[in-house]
Each structure stands twice: as C-alpha cells, then as structure tokens.
Amino acid sequence: MNKISIPAWIPSYAILLLTLLLAVGIAFFPGLSWLFLLLLCANIVFCVLNRKQFTYPSAVVFRILVGGLFIYSGFSKGVDPLGTQYVIHDYLEAFKLPWLTSLSLAGSFILNMIEFTLGVLLVLNVKIRYTAWLTAAMMAFFTCLTLNDAIAEPVPDCGCFGKALVITNWQTFYKNLVLDAGVLVVLFSLKKLENKRAWFKELSIAGITVLLFLGFEYYNYRYLPVINFLDWKEGVRLFPENPLPVRHYLTYKDLRTGQETEYLMSECPFADAEWVANNEFVSRRDEDPNPQTANINIMEKSGEDDPGYDVTKMLLEQESPLILVAVYDLDAANAKGVEKTAEFVRRAQEAGIDCCFLTASSVDRAEEFKQQYGLQNFPFYYADNTSIKAVIRSNPGIVLIKNAYVLKLWDWRRLPSFGQAGVPTL
C-alpha cells in the first residue's frame with residue numbers, strides 16, 4: 001500500500017498562515033486566554049518540528065515581516081525617546097534598581113537604535129547570520145520580561161510601540177510569541193537566506209542606519225517628536241463637544257439571601273420601603289462613554305496641606321486663549337528655557353492673554369520658583385508627574401489652548417517671540 005506523501009512546501013505555508021492569523025487574533029485577547037496561549041505555543045512547536053521544511057519564499061516572507069515589525073517598533077519609540085526613558089525608569093524602579101535610573105535615557109537611545117537597526121538589516125538581508133542570532137537573543141530576553149509583565153504587572157504599559165499603539169501586557173507577550181515563531185523560521189533557514197554581498201557594503205548599511213537613527217532620536221529628544229502620538233496634539237479637542245451622560249451603577253446586597261445585584265442608579269427602587277430595609281449598599285461604579293483625551297486632573301492649591309480643587313474643565317474649556325506652561329519638575333527645568341518662557345508669558349499677559357503654570361512640584365517649591373524668576377503674577381496649578389509628562393515632552397513646554405482645543409505646542413528651544421507666535425487675542 002502506497003503512503004500518501006505531503007509536499008514539502010505545505011507545512012511551511014501552513015505555519016505562515018497560522019502565524020498571520022495568530023498575529024491578527026492578538027487584538028481580540030487583551031487578557032489571559034489559555035486557548036489562545038496554547039495555539040501560540042503550538043505554532044512554535046510546529047516551527048521546530050518542521051524546521052527542515054521551510055522554503056526559500058516563506059523564509060523571505062518571515063524575514064521581512066519580523067524586520068518590518070522591528071522597524072515599526074523601533075521607530076515608534078525612537079520618535080519619542082523621552083517616553084521610552086520614562087518606561088525604562090519605571091522598570092528599574094519596579095525591579096528595585098534605582099542606582100541605574102540615571103542611565104535610562106542612554107538606555108532608551110541604545111534600545112531603540114538596536115531594534116530599528118535589526119529591523120532594517122533583516123528586511124535588507126544584511127549579515128543575516130549575525131542579525132538573526134542577535135534578534136533571537138533580543139526576543140528571548142523580551143519574551144521572558146513580558147511574561148513577567150503579564151503575570152506580575154510591575155509596570156502597566158511596557159511601551160513596546162511607544163504611544164503609537166498601546167496594548168495590554170498579555171497582548172505584548174502574545175505578540176512576542178508570534179515574533180518568536182518568525183525568528184525561529186529565519187534561524188532554521190539561514191543557509192537559504194545567505195547572500196554574496198560584499199562585507200564592506202553590508203557594514204556600511206549597518207553603520208549608516210545606526211548613525212541616521214541616533215541623529216533622528218536626538219532631534220526628537222532635543223525638540224518635540226516629529227510625529228506626536230500623545231493625546232495632546234495640535235487640533236485635538238480635550239473634551240467632547242456634546243458629551244454623552246455618565247452612567248452611574250450601584251451594587252446592593254440582599255440581606256436575606258446574600259445575593260449582590262447591580263442597578264442603574266436611575267432604576268434603583270428607592271421608593272420601595274421593603275427593598276430599602278432589606279438591601280445594603282456595597283459599591284458604586286461610573287461608566288463614562290466619552291473619550292478621555294485630556295487625561296489629567298488639574299488642581300488649584302493654597303498650600304501643602306490643601307487637597308486642592310479640580311479646575312481642569314474650567315481652565316481648559318474657557319473661550320479665551322490660554323497659554324499653559326507645563327513644568328513637571330521645577331528643579332529639573334532648564335534655566336535658560338524658564339527665562340525664555342517667562343519673557344514670553346509676560347509679553348502675553350501684557351497683551352491680555354491668560355497664562356498659567358502647571359507643575360508636579362510642591363506648593364512651597366512653586367512659591368520659591370515664582371520669586372526666582374519673577375512670576376508672582378501668574379497662577380500655578382498642580383497635577384501628577386505622569387500626566388504632565390504626557391502633555392508635552394519638554395520641561396518647560398508651552399501649550400496654547402482655546403475652548404478645549406490644543407492650538408499649538410512649543411518646546412522652549414523653538415519658542416518664538418510673542419509677536420511671532422500668532423496667539424489669537426479673542
């Protein structure tokens with residue numbers, strides 16, 4: 001009896017199709033899913049079992065797909081190196097390595113550069129043997145790291161795609177398992193992928209990529225990101241114009257049966273005396289269907305012991321123009337930048353424009369700062385450090401707002417004179 005032989009290319013393309021389907025499926029599993037995790041692991045096992053079956057075309061497709069994702073990931077972080085620095089800083093704090101936090105900015109530059117460069121080298125098939133093994137080592141490290149993130153959640157967002165695409169820690173781990181399968185295919189196909197290109201040409205490609213990308217990162221660090229993936233960007237409205245009503249839910253426990261039931265507040269049977277006597281309040285949940293673009297709570301405080309009064313909407317939704325100077329850390333603010341900004345807001349105030357400062361520093365430090373730079377006539381408001389960093393990547397940074405719209409963002413280095421800024425007066 002003749003055995004049925006399966007063509008060698010079928011397992012190769014079956015794994016490619018399964019890998020692509022799993023990559024799409026990540027979007028539908030934000031949390032732990034044992035079935036999806038099993039499929040991802042099975043795909044890796046299939047890659048190992050069929051390691052001799054991969055055809056040249058399928059290996060090329062995997063090489064380009066993995067490289068393309070590395071390019072996207074490196075670019076999305078490289079366009080905002082300060083954002084990556086904050087994530088690395090959070091990791092070092094979470095792993096109790098505070099003595100390394102001073103290296104977080106350098107780590108950001110290097111990590112983003114390596115990721116982007118490996119992506120370019122994979123796509124262009126440059127020094128594929130070295131490139132593939134370096135990529136595999138990087139993936140092994142980050143797969144273990146993101147597994148820990150998914151289970152223990154030392155940081156809420158690993159920042160694998162910067163702010164361009166925010167996914168959960170489990171989705172990040174799933175993404176890495178998909179990439180691991182692609183990297184394994186490339187590793188198993190090295191002999192097929194090697195080329196005859198001269199070594200100095202390949203080294204030139206690598207060197208030029210490194211230098212250009214480091215320059216790109218430095219530009220985005222020194223000034224504002226050339227592509228702003230943050231919520232606060234020019235043209236964005238910080239609050240919905242016609243907000244939908246917030247829905248309030250109340251959970252009550254029946255004292256007779258112990259059963260807990262959630263009610264929409266407007267539908268709670270408060271008029272029923274028997275129900276009121278036999279039910280005990282447990283918790284409240286608010287559901288806001290409106291997009292949360294501002295993502296900040298701006299507080300007005302009179303002193304260190306004052307919990308503050310929330311003035312976020314009142315301040316940002318005013319119809320007249322507002323110049324908001326974000327200085328998340330008054331001690332770390334660039335002195336030259338503060339002096340330049342102080343002159344700008346003085347001119348703006350003389351022209352009748354409202355100006356204020358926003359900081360995460362203490363009220364006492366703000367008072368000292370006012371005296372130091374002659375800013376006694378300007379109100380200072382307060383918010384948490386993370387929220388202010390998400391407003392603008394500059395310390396100080398200047399935001400022009402009118403009627404809840406972000407009209408303009410300036411870093412202090414490229415802040416024009418007030419006369420050239422084009423601030424509307426109405």
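Residues are numbered from 1 along each chain as its sequence is written, and side-chain values use heavy atoms, with hydrogens and water left out. Because the model is predicted, local features need pLDDT of at least 70 and side-chain atom pairs count only at pLDDT 80 or more, while totals for chains, interfaces and linings use all residues.

Select Leu40, Phe70 and Tyr174 first: of the 36 residues in the largest nonpolar core, these touch the most other members. Such a core is a set of buried Ala, Val, Leu, Ile, Met, Phe, Trp, Tyr and Cys residues joined through side-chain atoms within 4.5 Å, where buried means under 20% relative accessible area, exposed over 50% and partly exposed in between (1.4 Å probe, protein chains only). Among the helices (DSSP runs of H or I, at least four residues, numbered from the N terminus) that each supply at least two core residues are H1 (9-25), H2 (34-49) and H7 (169-188), and H7 gives the most, with eleven.

Staying on Leu40, show its contacts (heavy atoms within 4.5 Å): leaving aside residues up to four places away in sequence, Leu40 touches Leu22, Tyr174, Leu177 and Val178.

Next, go to Leu20 in helix H1, which is partly exposed, with a relative accessible area of 39%.

Finally, select helix H9 (residues 199-222), whose end C-alpha atoms are 35 Å apart, in agreement with the 34 Å that its 24 residues should span at 1.5 Å a residue, the expected span being 1.5 Å times one less than the number of residues. Within H9, Glu202, Ala206, Thr209, Phe213, Glu217 and Asn220 are buried, and the buried residues of H9 pack against H3, helix H4 (81-94) and H5.
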